[in-house]
Amino acid sequence: MKIFDSRAWYKFSKNPLSIVGLLIVSLIILMAVFANYLTPFPEHAGPFVDIPNKIKPPSSTYLFGTDKIGRDTFSRIIFGYRTSLYLGVIVLCIAVPIGTSLGLVAGYFGGKIDAIIMRITDIFLSIPPLVLALSIMAFLKPTLTNAMIAVSMMWWPWYTRLIYNLTRSIKNEGFVVSARIVGASHFHIIFREILPNCSASLITKITLDMGFVILIGSSLSFLGLGVQPPTPDLGTMVSQGSKYLPDIWWLSVFPGLAILIIVLGFNLLGDGLKDLFDVEL
Amino acid sequence: MNIKFYLLQRFYSAIIVLIGVSILIFIIARIIPGDPARMALGPTATQEMVEKYRDKLHLNDPIHVQYWFFIKGISEGDLGESVYTKRNVTTDVSKYFPATLELIIFASLIMVCVGVPLGILAGRFKDKPIDNISRLISLLGVVTPSFVWAVFLMIIFAFYLDILPVAGRLSQDTIAPDKITGLIIIDSIIRGQFNVTVDALKHIILPALALSLSALGQASRLTRSNITEVYDKQYIEMARAYGYNEFKIATKYALKPAMIPTLTILGLDFAAMLGNAFLVEFVFAWPGIAKYGVQAILYKDLNAITATTMIIATFFVFTNLIVDLIVAYLNPKIRLSGIQ
Amino acid sequence: MKILSIKNLEVKFKHFEGITTALKKISLDINHGERVALVGESGSGKSVTARMILGLLSSSNISKSGEIFFEGVNLLKESNTNIKKIRGNEISMIFQDPVSSMNPYFTVRKQMQQALENHNQTFNKKNTEEYFTHLLRDVKIEDPARVLDSYAFQLSGGMAQRVMISMAMINKPKLILADEPTTALDVTVQKTVLSIMKEVVSQNKMSMLLISHNLGVVKEFADRIYVIYQGRILEEGTTKQIFNSPGHLYTQTLLQAIPKINSSRLPDLNTENIDYFKQPKFTH
């Protein structure tokens with residue numbers, strides 16, 4: 001099942017914005033993974049104090065300036081990307097399998113199972129996303145793990161709905177009907193006939209969602225309900241930096257821009273994939 | 001199937017969903033490990049005090065009894081007592097809700113009045129400069145969290161240009177008009193206190209803008225894609241073949257088919273803004289229900305959190321229902337046959 | 001007297017893989033009160049021809065040369081404003097899929113009112129109701145009041161196409177262009193619609209350009225036929241001439257392809273043999 005071949009690549013590259021997205025995402029991932037080697041001050045990402053150098057505006061040494069205890073903002077942003085990417089990957093690793101399985105089962109078997117699963121999905125979707133995550137986080141200790149659980153809990157219904165709609169339309173296609181006539185097991189049909197035909201939509205949605213999960217995650221930590229200091233996190237940095245506006249502007253502006261860029265990257269990449277695969281999400 | 005049946009079906013769905021939501025919120029609040037009473041009273045409270053409080057919150061009763069008290073409370077309008085403010089949660093919520101309502105109404109106005117025309121222009125003049133500019137703005141709106149926008153806007157307008165205030169609904173020495181609707185802008189216009197109106201407007205514009213930008217981007221993109229889709233349809237070529245001029249096509253002929261699918265999403269966005277309001281209210285110190293909610297979360301105020309979530313969810317469900325009904329009315333296919 | 005005269009029309013489309021010549025210097029005439037058919041297979045350029053007459057293909061990737069004379073005026077050189085005055089007014093068009101041709105959110109009455117309004121500044125809502133009813137009865141619609149209140153999705157294909165025909169007549173045009181008007185309809189309905197079209201056109205002394213790929217349909221309907229293939233007119237003549245003594249090889253093959261009770265298989269078109277089609281235009 002080849003999704004990417006040279007023709008697809010050619011078509012993808014025709015849209016300059018998609019290439020930009022791909023570059024941004026690749027660059028950020030690279031920087032985050034090799035943060036220890038690429039940042040000027042890797043140790044600033046942990047417990048580190050350097051009072052003499054505190055609150056320095058952007059300069060050639062400290063590209064984005066330093067904060068109240070002398071930590072380099074630029075290095076912390078790169079490490080913050082690590083946290084963001086980690087959050088995105090884990091959340092999607094939880095939400096996507098759960099949501100997809102539920103959608104497949106509901107769409108394929110129909111009847112009571114369909115009704116129950118989709119009702120529950122509707123209920124989850126009836127609460128605005130951030131509100132649901134917040135109310136879950138309200139009762140948990142604010143840690144990265146808990147934030148991941150909260151966001152996964154609000155994220156899976158979107159996949160259920162997408163896969164449910166896809167399954168319902170695919171299950172009446174010729175190749176599925178013929179598989180059933182031949183006597184293929186339910187398991188085979190769901191995972192070998194239906195699911196592969198959802199892959200284009202899934203990949204596109206996952207790419208777009210990486211950006212949005214990071215966005216929600218940063219919103220949670222902005223409110224103080226996510227990662228706790230001293231772990232660098234973009235949302236927390238904006239929140240803490242905002243207290244010192246407007247004079248010490250670099251503490252909130254640069255992390256804010258950093259969030260913008262990573263979400264933008266995933267969004268451009270996802271849009272490019274969407275045009276390439278010609279899917280409706 | 002006719003329209004009445006469809007309406008009843010939707011209403012019935014909405015009620016079921018709300019019941020489900022109440023159960024969900026209830027479960028979240030009760031099942032998650034940790035003792036809400038202890039969390040609320042803090043580590044300094046004695047075990048005795050905690051136990052007393054647990055009894056008060058019915059936390060020691062079996063779960064269906066707790067749920068019964070919860071539902072009973074809602075039907076009587078009593079949402080419990082807030083640990084933090086020591087007031088009835090209902091009073092608190094009714095005090096703060098209008099502020100948030102005003103904010104999201106304003107933000108939605110911006111979303112519709114700026115986002116939709118932008119999308120129409122982009123779709124109509126596809127691939128020309130206006131399309132690219134509009135798409136850029138939409139994209140930036142969608143990818144930037146509202147709190148980042150809030151910070152940027154604050155820096156530019158409140159600090160750098162110093163033309164707009166930083167926080168609150170009104171300046172410190174301005175007094176709000178006596179409450180008619182609770183929406184200060186409307187109330188002050190009704191009472192003729194136009195200086196208050198101006199002050200309120202100055203205060204609302206930045207938070208509303210920050211709140212609307214994300215939804216604006218989405219609205220613009222959606223409108224654009226719907227308009228492009230409509231322009232490819234046969235009936236547009238037909239209109240041209242009958243001598244309609246382009247302006248007439250854009251405003252009368254193509255608009256309705258394009259807008260009806262957009263309307264559903266716009267309605268969803270209006271309700272979803274309630275979620276995003278949390279961040280904006282926090283940054284701009286806007287005294288709304290979201291800020292109250294965040295406070296409740298930080299203080300582990302069980303009743304307040306449950307109540308706030310429940311109210312927001314109800315608002316969301318009913319807004320969706322109303323939007324569905326409006327769309328059903330406007331779309332002749334649904335109106336006449338009840339099929340979707 | 002000719003009502004429409006296309007002379008040496010050449011249309012080229014530019015796209016990223018190169019340039020395609022859709023129409024290679026074709027010429028076509030329609031006399032007053034005549035029913036002319038333009039017959040060809042998909043991609044032959046027949047739809048492009050119709051749309052060029054009304055200027056419906058406005059795009060920067062098109063280059064055109066030649067002339068289209070309508071009552072002596074060259075439509076290709078006319079301003080946009082003047083063309084709009086002609087559309088739906090002196091020249092009307094009927095499209096292939098009648099249900100898609102209507103705005104799904106407008107009733108039939110509204111569509112007809114719009115068509116009238118575009119070209120008549122003064123119109124009175126009371127007389128128009130009578131007029132519309134009259135037009136609908138002309139196309140054999142038995143219940144005009146109900147149809148006027150209907151939306152596109154409530155009409156069957158045949159009914160919708162009859163509505164389109166009556167709408168085309170609203171401003172009493174001199175020429176009607178019909179682009180495959182019966183292709184989307186059932187065979188039995190086709191016959192009805194065709195005969196209605198024929199009656200309406202001849203009663204009102206209008207001229208018509210019928211575009212089709214179906215020679216069977218054309219035989220019942222047209223006075224004269226032009227055969228088009230890959231942007232070139234290969235043959236022209238009266239219906240009788242074309243059917244009884246087809247001149248060009250392509251026309252002969254087309255006629256052989258019409259399904260008959262005793263036919264064996266589809267004839268082969270030897271498209272690799274270019275000389276086959278470089279045969280000059282055959283005029284009867």
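**Figure 1. Chain B, a chain of helices.** The secondary structure of chain B comes to 15 helices and zero strands. Keep in mind as you look around that this is a predicted model. Laid along its principal axes, the C-alpha trace of chain B spans about 85 × 60 × 40 Å. Of the 340 residues in chain B, 42% count as buried. How much of the contact in chain B links residues 24 or more positions apart? Such pairs account for 71% of the contacts in chain B with a separation of 6 or more.

**Figure 2. Where chain C meets chain B.** In this view, 21 residues of chain C are in contact with 16 residues of chain B.

Figure 3. The domain assignment of chain C gives domain 1, made of 2–90 + 178–191 + 207–283, and domain 2, which covers 97–170. Taken over C-alpha atoms, the centres of domain 1 and domain 2 of chain C are separated by 28 Å. Where the domains touch, six residues of domain 1 of chain C are in contact with seven residues of domain 2 of chain C. On the domain 1 side of this contact in chain C, four residues are nonpolar, two are polar and no residue is charged.

**Figure 4. An open sheet in chain C.** Seven strands of chain C form an open sheet with mixed pairing, and you can follow them in the order β6-β7-β8-β3-β9-β10-β11. Why do β6 (91–94) and β11 (282–283) of chain C each have one side without a neighbour in the sheet? Both stand at the edges with a single partner strand each, so one side of each is left without a neighbour.

**Figure 5. A closer look at β3 and β9 of chain C.** As a reminder, strands of a sheet pair through backbone hydrogen bonds, either parallel or antiparallel. Here, strand β3 (residues 35–39) and strand β9 (residues 224–229) of chain C pair in the parallel sense, over four bridges. To find your place, look for C:L38, which stands opposite C:Y226 in β9(C).

Terms used: Residues numbered from 1 in each chain as written. Chains lettered and ligands numbered in written order. Predicted model: local features only at pLDDT ≥ 70, side-chain atom pairs only at ≥ 80, totals over all residues. Contact = placed C-beta atoms within 7 Å. Domains from an automatic or database assignment. Nonpolar A, V, L, I, M, F, W, Y, C, P; charged D, E, K, R; others polar. Helix = DSSP H or I, 4+ residues; strand = E, 2+ residues; numbered from the N terminus. Buried ≥ 20, exposed ≤ 12 C-beta atoms within 10 Å, placed from the backbone. Pairing = 2+ DSSP bridges.
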